[in-house]
Structures are given as C-alpha cells and as structure tokens.
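Here is a friendly note to read alongside the model. Please keep the picture open as you go through the points.

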Amino acid sequence: MDLLIQTLINGLILGAGYALVAVGLTVIFGTLHIVNFAHGAFFALGAYATLLIERAGAPYLLAIPLAVLCVAAIGFALEATIVRRALYDQGEHGSIIVTFAISQAIVAAIILVVGPDPLPVPSPFGQTAVSVGGFFLSAQRIFIAAASVAVLAGFALWLRRSVKGQQILAVSQNARGALYSGINVPLIRSLSFLLGIAAAGLAGALMGPMISAFPTMGDANVIVAFTVVILGGLGSIGGAMLGALVIGLGNALFETYVSVSWTPALGWVLVILVLLLRPQGLMGRAQLDRH
Amino acid sequence: MKLRAKAALAALAVLVATPAAQAADPVKIGMVLPLTGPTAGYGKDGKLGADMAAAEINAAGGILDGREIELVYEDEKGAPQDGVAAVQKLMTRERVQAIIAGMNSSITLAESAITKNRILHVNPAAQADAITAQGSPWLFQINNTASTNATIFHTYLTEQMAPKAIAVMGENTEFNKAVLENLREIVGESSVELAEIATYDGATTDFTSIITRLKSTGADMIYVIDAYPARTAQIWKQIRQQGGFPMEAHAVGTVQRSAIVPAEGAMEGVITADIFIAEGATGDMARFIDRFTEQNGVAPNKVSLVVYEAVKVVAGAMDKAGSADDYALISDTLRGNVWTTPRGALSFDDNGRAKAPYFYIHKVTGEDVGLLDTFEVE
Amino acid sequence: MIETLLEVSDLTVGYGRVTALREVSLTVRAGETVAILGANGAGKTTLLNAISGVLPVRSGAVRYAGRGITGMKPWATARLGVSHVPEGREIFPGMTVEANLRLIDVHGGGPDFSIDDVLEMFPRLGERFGQLAGGLSGGEQQMLAIGRGLMASPRLLLLDEPSLGLSPMLSRAVLGAIAGLKARGISALLVEQNMRAALKVADRGYVLRVGRITAEGSAAELEASPDIRRAYLGV
C-alpha cells in the first residue's frame, strides 16, 4: 500500500513536469503546424540561462523568470529571422528540417560557449527530501509540480478568458477562418511560438537542478513530450495535460510493478492504441472543416 | 627595420622547411570522439590527451624517419550511426592510416565492423568484452575489458563490502550487459543476494520510481551501471533524495569529475574503481599528470590518459615496424613488444587486449575520487 | 450625392499562371447592396478575397472610403470596416457559439454590433449559445458566420454564397437578415449563385463570367437581361 501511494505521488509529480514541455510543443503545433524539433534545445537554454543568471548573483527563484525572458528573447530573434520566413504555411515537412537545424545550432552554440560537461544548476531546494508519513518527496520536485500546475492553470485560464487566448485557439482550429475574422494571424502565430518556447525554457529552468544542465538535456524529455502530445491529440492543450498525467502515472506504475526496461515502450504502446481506437487523440477533435 | 629582418627570417625558414616537408608526408591518424552529444565531455577530455601525445611525438622528431603525426578528428556524436559514418569518412576521404575510436561500447562495436581487416583500429576506452572477442586481427584495446575490471570490482564489492543483497540499476547497453553477466557470476559464488536488476532505456527521464522499487526490495547496497555523466549525477541525486542505501557503488571506469560535480555532493562516499587515479601518482604517471595539467590547465582523467596512450602506442608500433600501412606487421609488432606508458608496461594479448598493471578502488570524495585500495593485476 | 464606399478598378488576380480575374471594375456606394452574379468558377470568391486582402492582387486598385487598400492584409481591412463572411463559413468548430462571437476584437467604424444584436437577428444562435459550433446545422453555421462578421462592426460586408446548401426556408431567413442590414446603414457586396434570391435583396448587380464583368445594372434590369442567363448556363 505504501509502495502504491509513493508510486502514485511519483507519477503525479512526473506528469506535471511532462505537461509543461508538452503544452509548449502542442501550442506551437496547433497554431503553426510546426513540429518543433528545437523544443529540447530551448529546454536546455532555459536551464543554462538559469545557471548563468545565478552565477551572476541572482537567487534561483528570481533567475527562473529572467531565464524564461532570455529564452523568449532568443526565441523571438529566431522566429523573426528564420521561422517566420521559412515555415509558416509550409506544412510539417519543411518544419522538421528547419527546426532540427535550429536545434543543432543551439546545441553547438552551448558546447562552444559553456562546454559539453554537465553543470549543476543550484537550487535552494537542493537535494532536500521531505519525508511525510514515510513517503519521500524531493523538495525540488514538489516545487516543479507546484510551479507547473500554477503556470498551466494560469495559461489555461488566460486562453479561456482573454480575447488573445481565444484567438490562439481560433487560429489553431481554423487559420483561414481566423483570417476572415480580422485576426492578425501572423501575430498570433508569433505569440504562440513565443509562448511555446517560453514554456520549454521554463521547464528547463525548473528541471535543471534535477537533471543538471548539459547540451542535449532536452532530448529525452522532448521524446516523452511527443508521446504525450500525440496521446492527448495534436494541438489540443487540454489533451496535452491529460496525456502528461496518463504517461506520468502510467510510467511510474509500470516501472514499479511491471518492468523497468519496457517502460519507455509503454508510452508508444498507449499512443498506438489511442491512434487505432481514437485517431484524433484523447482530447483532439475529429477534423471537421479542413479543406 | 626590425620588422623587415623578421620577415626575411620567416621567408628563409619557409625556404628551408619546404623541401623537408615534401620529402616526408605526415602520418594521418583518424580520431573518432564524441565531440557533441551527451558524452561530449569525454570527447573533450580525450582530445586533450591525443593532442598532447601528437605534440610530444612530433617535438621528438616524428616517426618513420621524420614523418609527423597528424590527427584528423571526426565527431561520433554519441550515436552508433554517426560513429560508423565518421570512420567511413576518415578511411575513404581522409585516407588515414589508423583509426583510434572507442568510448561507448555499443558505438565501438558498430565502428569495429567497418574497420575489421581493413585498417588498424585502436579502441582507447570502451570496455565491453564483445568488442575484442570478435577475432579482429588489427583491433586493439587500451582499457581493460569490462569483465577484467568487473571481476576485480565485483569481488571487492561482495567480499570486502559484503552486503546482504544488491539492487542494480543500469542503462540497457553492451557495457551494462557485460558488467551484469560478470556480476551474476561473481555474486553467484558468494552468499550475497541479487535483490533486483532494473535495466532502463536511454530515453528514461526520471528514476524516482525505479529507485522506489529498488528500495522496496530491502537491499542494503545499490549498484549503478551507467556511463553518462549527466544521468549518473541525476540518478545519484534521486537516490539521495529517497534516503540513499547503506552501501552505494557505481560501475568501473565511468565516474569522472564530469559526473561528480553536477551531482552536487549526492555522490559523496560512492564506491567505484578504475585503471587510473591521480591521487598518489609517482614516476612516469606523476610526470604525465604534471605535464598535462601545465599545458591544459586541468588535471587529466582516465579518458585523457587512455587516448594519450592510444596515440603513443599506434605511433610507437608504426615506427618500430617501419611501416604506416602494413597492418599485419604493425599488429605483430604491437603484440610482440612491451609498451611503456605513464601507467607502466603495457602488453597486448592475442585478442588485442591490454591489461592495466594496476587497478584502483575509488571512493567519491568532494569533487573527485579518492583512493581506497590498490590491486596489482596479474 | 451618394458617397462611393468601395471602388475596384481594373483588378487582375491570378494563381500561378492561371488568371482568375481580368481587369474587373465595380463600385459599391454607401448603404447599397450589390450582387455579384455568375456561374461556378466565374471568379466571384476570388474577387471578394482580393478585396478583403486574403488574396494578393496582380494589378489594378481597390479603394475603400477614399483610401487605397490594394494589397492590404485582411486584419487591416477589417479594422477599416471591411468584414468578410466567407464561402464555407470557416467558423471555429471546437469553440462555442459564444466564443466564436466574442473573439472578434476589431471595430470597423460601422454601427455597433453587440452579441445581443446578433442574437436578436438570429434567435436560433441564442438557443445554441453554449454549444460547440462544429455541432451546428449548416444554416446555423451560416448565421454564426454572418454574426461573427457583424461583430466587427463593419461598414461593408462581403458575403460569399450565404444561402449555399441551405433549405429554402433557412435561405430566406438568411437573405432576409441581409436585407435588414441595409436599414442599419451597412453596405454589402453579395456573391450568389441563387440569382433570383440575390436580386431580391440587391439594389444593383454585376455579372461575372470567366473572370470578366460582362454586364451590370439595377436588379430589375439584370433580371430581365438575356446576358445573365448566358452567364449562368455558361453558353
């Protein structure tokens, strides 16, 4: 029983972290129809920016928002110079090549500037573990989960309540329709790209203290995020959150009770099952109005 | 006036140097290292060692009557397909005379399929027994095999530390397979119990549940088999967060500062082992460490050392054999002689395997490993 | 003198090598409803898309309220009061009726339109207010598309085949609503295949045939013209 509770806690905390990466990916896919292979690189940039800002003397909690701003600024520069010109309306095929190239360039730049060795990202929560009734909870992970849930809830509320948020959803559902509604579609796309990148940067800043900063640190997390996004339904933000929860809990339960070595396959098995039974994903809409 | 004199001197130097350079083309050695990717730190460390070796050889007049050594680097990016591509490019485009390639065992196995019977291949660091077990006549390995290293380390773990039960976690790789096989064997002969073996995939992002599961077995020793520095740091942090284990060990030859520093103290006291330790070095090794530290501003680690030795051994064997491309002759020369390296005398057996003269049990102390015990290898 | 609101002169539009519109000229005066008549493929939708800025123009000019808007982006023309209700409705299927209306944040300078005004005009939308737009019937979606177009408070409404696929009864309701807009001072450029219905609500009309204007006149004149029949039958 204790093992089950500990496993469920592990899974929930894990899912909250996955959700943050996956939501960024799905927002960008939904509005821009870009498969952002550079997501992991922006994740790494978030961790490195946090680390460098901390080295400049800022405390971790202040370094996080500053790092997110830095990543968003880099994202904006790339969006304005490359992504906007090369990718919008070019479909998913071109986007894979361009975002992959961006990812390689960012990773190479990190190696050049900071070096390839993993570096610790200091956090006041450090290695502290909170023991509640015999259950171990890492303080950093509680912080990651709390911050992810708070940011995602805020984001969901903003999408629902604000006109700009609604316009993001509108562009992701029907970009042509948005054009006919007087919505500045390129502006909304740029905004979505920045939000998605900022979410990746935030995830890197939050998870950095746990996994250390190294140039390819985003790779494994983004692979999981891809399964989450497909599971939840491409472009569906609610789906990404649900998918993250399913994969987080599923992985934790599977690892504890079934088999560690088969766990990464679990996500893909779930993806295949969902695609067979419900091709639009858990929360995705069936395509109604695509021409 | 002064400037003009300098320019004239430089021109004269070029005039003098040119005919000699034409007479003796450099001997090109292909270096395949992970310069990017998750193990790029190893590539960086290895390159420092290789560059130092080449500089020393060239400063001493080169090999084969004055030919210089030229190192040509290619990036294997920590992936087998990139390793294969790098080796192919070096052999066909760069026309190198030897390949030095081998950090990760899975990648080295893929690379050795390309070099087999075609070119001299020296594997500096990868340990899996399968690499040198394929009967490749021109393939040599500087590091000990995983089973040699593991036999000593696992015997130390079971006999000296004597836990009741060991819980193992490790990445699903060739290296892990070799280490696990040996562990089962050694543990099978003792009263120690193997509580659980958790093999995870390279794409695993979090280890909390695995550690939770391992802790629930009640094992009193955790043994981690992983060669990736960042992941090693993450795993030990998460082990620490869950309260740790009474005894803690990490696989042979995989713990460097690049894992200990980002672990931020979580690896303190972890037992591991290697064929090299800087602490307490004497003689040739002490001189090597001093030279390296002076030139690079950082102390060498095992990776720097074995890559340095690989370059030295390849150059030495070519020089002694009197040829840069008669691989049968060079290989016979390699097997038939004893090679002096910073670690001491190194010789290769029929499979091309070198045996380290000494083996050290380490304990993580501060930001590096400290010496716990030394074994002489028969 | 009645002010000219929209003036299209010598407009040529093409996709790649295909020229869809050739030197088309027309005007819409303030408060007027003008119909564009023509068979499938005559270039009617292209014309509206070129005016609102969804499609780029090859040559010619579009003037609106005294200023050139040629090549202006659709979100810019919308701010000036040009609202486009496209063919195929192009609503947001995964959002509620309410959200489809609320996300419009432009004001085109025409008479104010609130959600209540839209619901008053199309009571059916009120019954479906909280439902997903994708679940609405074709007629309801058309009402929603017009309502969305009106939420931008336009001075000129571009309407593309509003009665397409609707039952005769719904079709009458929709066209009746369009006629009602005139009373509020909103001009309209109406593209229709249903010639009779269009001429009932329009003041004037143009006949478009394979990318060219072949006839123009008052609704009554066109209804009597033999040219119009040719245009529809493609003879």
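1. A word on the model. This is a predicted model, in which local features need pLDDT of at least 70 and side-chain atom pairs count only at pLDDT 80 or more, while totals for chains, interfaces and linings use all residues. Residues are numbered from 1 along each chain as its sequence is written, chains are lettered from A in the order in which they are written, and side-chain values use heavy atoms, without hydrogens and water.

2. The meeting of chains C and A. Chain C brings 22 residues to the contact and chain A brings 23 residues, where contact means heavy atoms within 4.5 Å. The buried area is about 2,000 Å², with 60% from carbon and sulfur atoms; buried area is the accessible area (1.4 Å probe) that two parts lose on being put together, summed over both. On the chain C side, Trp75(C), Glu90(C) and Phe92(C) supply 32% of the area buried against chain A, more than any other three residues.

3. Charges across the interface. How many salt bridges does the rule find between chain C and chain A? There are 2, a salt bridge being a side-chain nitrogen of Lys or Arg within 4 Å of a carboxyl oxygen of Asp or Glu. Glu90(C) forms one with Arg176(A), their closest N and O atoms lying 3.7 Å apart.

4. A look at Arg22(C). Leaving aside neighbours within four places in sequence, Arg22(C) is in contact with Leu11(C), Thr12(C), Gly211(C) and Arg212(C). Arg22(C) and Val210(C) are 188 residues apart in sequence, yet 8.7 Å apart in space, C-alpha to C-alpha.
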